[in-house]
Amino acid sequence: MSDVSFAHPWLLLLLLLLPFIWIHYKKVEDKIVRKLRVPSIGHSSLPPKSGRVKLRLLPVVLRILALVILIVALARPQQPLGSSPLSIDGIDIMLSLDISESMLAQDFKPDRLQAAIKEAKSFIDKRPNDRIGLVIFAGESFTQCPLTTDHRILNVFLDNIQVNYLESGTAIGMGLATAVHRLKDSEAKSKVIVLMTDGVNNTGYIDPQTAMKMAVSESIRVYTVGIGKSGSAPFPYTDPFSGRTVYKEMEVQIDEELLQNIADETQGECFRAQNNQELKDIYQSIDRLEKSKIKVSAYTPKKELYFPFILIGLLLLMLEWMVKAFYLKQDI
């Protein structure tokens with residue numbers, strides 16, 4: 001019982017009143033006894049006390065015991081059952097991932113897209129209590145998975161991502177705007193977008209500046225990640241004559257100025273990943289930054305123990321009544 005606590009421990013102060021009840025009863029009892037005294041009859045022996053006389057204090061003893069137990073019940077004794085999460089002073093995260101053809105470049109192993117998916121899954125696994133969703137974009141954008149705490153299904157969606165699923169191009173503004181739309185109705189205290197791209201905005205009916213203003217108006221923090229090494233990278237393409245996949249070195253073009261501007265305006269941060277390790281470090285940095293901004297509170301479910309005390313207290317009061325009514329023949 002060492003782990004028993006009380007929901008209302010201040011009610012236990014009522015126990016301090018019980019000695020005064022006993023003292024008051026004893027004073028009343030002494031007055032009655034003094035009034036009933038008779039002159040001494042010498043050395044004559046007094047008749048032995050009857051059972052009723054011996055038990056005249058029993059009702060008040062039962063009542064005080066009942067009050068002790070009922071006061072303990074009112075204080076609500078509880079015993080912990082174990083810890084479980086109660087609430088998170090909210091963080092909702094949307095991952096917005098570029099899946100344009102250039103994400104197949106092999107300056108990352110095995111390629112940019114698979115490296116991004118791997119680190120995204122690792123990031124998700126480290127945040128089991130957050131709601132996380134997924135937006136994919138190329139020439140258009142699409143919500144692959146809305147905000148969810150079911151990270152198992154989110155990982156399934158990540159595993160099933162394929163290039164050429166959307167029309168060609170790189171619509172950074174669309175990828176950002178779709179993620180903002182998914183977060184705008186969130187009641188979380190912290191709303192975050194991780195936007196990853198390897199290119200330059202070249203299509204889409206919402207431009208990046210407009211999408212950025214949408215994020216600012218919704219108090220959404222955006223972490224931007226440019227993925228791709230400096231210089232050139234081997235891009236796969238299908239040889240039209242042989243049908244085989246061949247690789248050609250092509251210049252890496254990432255609009256870092258745009259990504260930096262989006263991060264600055266939304267109070268996020270801008271990163272550049274040029275290899276797998278840097279990409280891993282970036283996700284770890286974002287994980288640390290967001291963990292420092294949220295507060296997780298937990299509660300311990302508890303078993304209520306007051307009912308047996310109430311039952312015992314009522315039984316003692318009933319016993320007091322029965323002793324007074326049927327044995328001591330006192331007025332109730």
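Helices (H or I, at least four residues) and strands (E, at least two) are DSSP runs, numbered from the N terminus.

**What I am looking at**

This is a predicted model, where local features need pLDDT of at least 70 and side-chain atom pairs count only at pLDDT 80 or more, while totals for chains, interfaces and linings use all residues. Residues are numbered from 1 along each chain as its sequence is written, and side-chain values use heavy atoms, with hydrogens and water left out.

I noted ten helices and 13 strands in the chain. Of its 332 residues, 39% are buried. Buried means under 20% relative accessible area, exposed over 50%, and partly exposed in between (1.4 Å probe, protein chains only). I also looked at contacts, meaning heavy atoms within 4.5 Å. Among contacts in the chain with a separation of 6 or more, 80% come from residues 24 or more positions apart.

**Salt bridges**

Back to the pair I started with: R272 is partly exposed at 22% relative accessibility, and E256 is partly exposed at 38%.

I searched the whole structure and got twelve salt bridges. One of them joins R131 and D92, with 2.6 Å between the closest N and O atoms. R131 belongs to strand β5 (residues 131-137) and D92 to strand β4 (residues 91-98), so I have distant parts of the chain linked here, 39 residues apart. Is D92 buried or exposed? D92 is buried, at 4% relative accessible area, whereas R131 is partly exposed at 34%.

Next I checked D159 and K121, whose side chains meet in a salt bridge at 2.8 Å, N to O. D159 lies in helix α5 (residues 151-159) and K121 in helix α4 (residues 112-125), so this pair ties together parts 38 residues apart in sequence. I have D159 down as partly exposed at 48% and K121 as partly exposed at 23%.

I also found D107, R112 and D198 linked in a network of salt bridges.

**Helices α7 and α8**

How do α7 and α8 pack, and at what angle? Helix α7 (residues 208-217) packs with α8 at about 20 degrees, and the axes are 9 Å apart. The axes are lines fitted to C-alpha atoms, for helices over the stretch in contact, and angles run from 0 to 180 degrees between N-to-C directions.

On the α7 side, P208, Q209, M212 and V216 make the contact, and on the α8 side L258, N261, I262 and E265 do.

**L67**

Last, I looked up L67 in helix α3 (residues 58-74). L67 is partly exposed, at 30% relative accessible area. Leaving aside neighbours within four places in sequence, L67 is in contact with L18 and I21. I also noted that L67 and L317 are 250 residues apart in sequence and 8.8 Å apart in space, C-alpha to C-alpha.

Notes. Salt bridge = Lys/Arg side-chain N within 4 Å of Asp/Glu carboxyl O.
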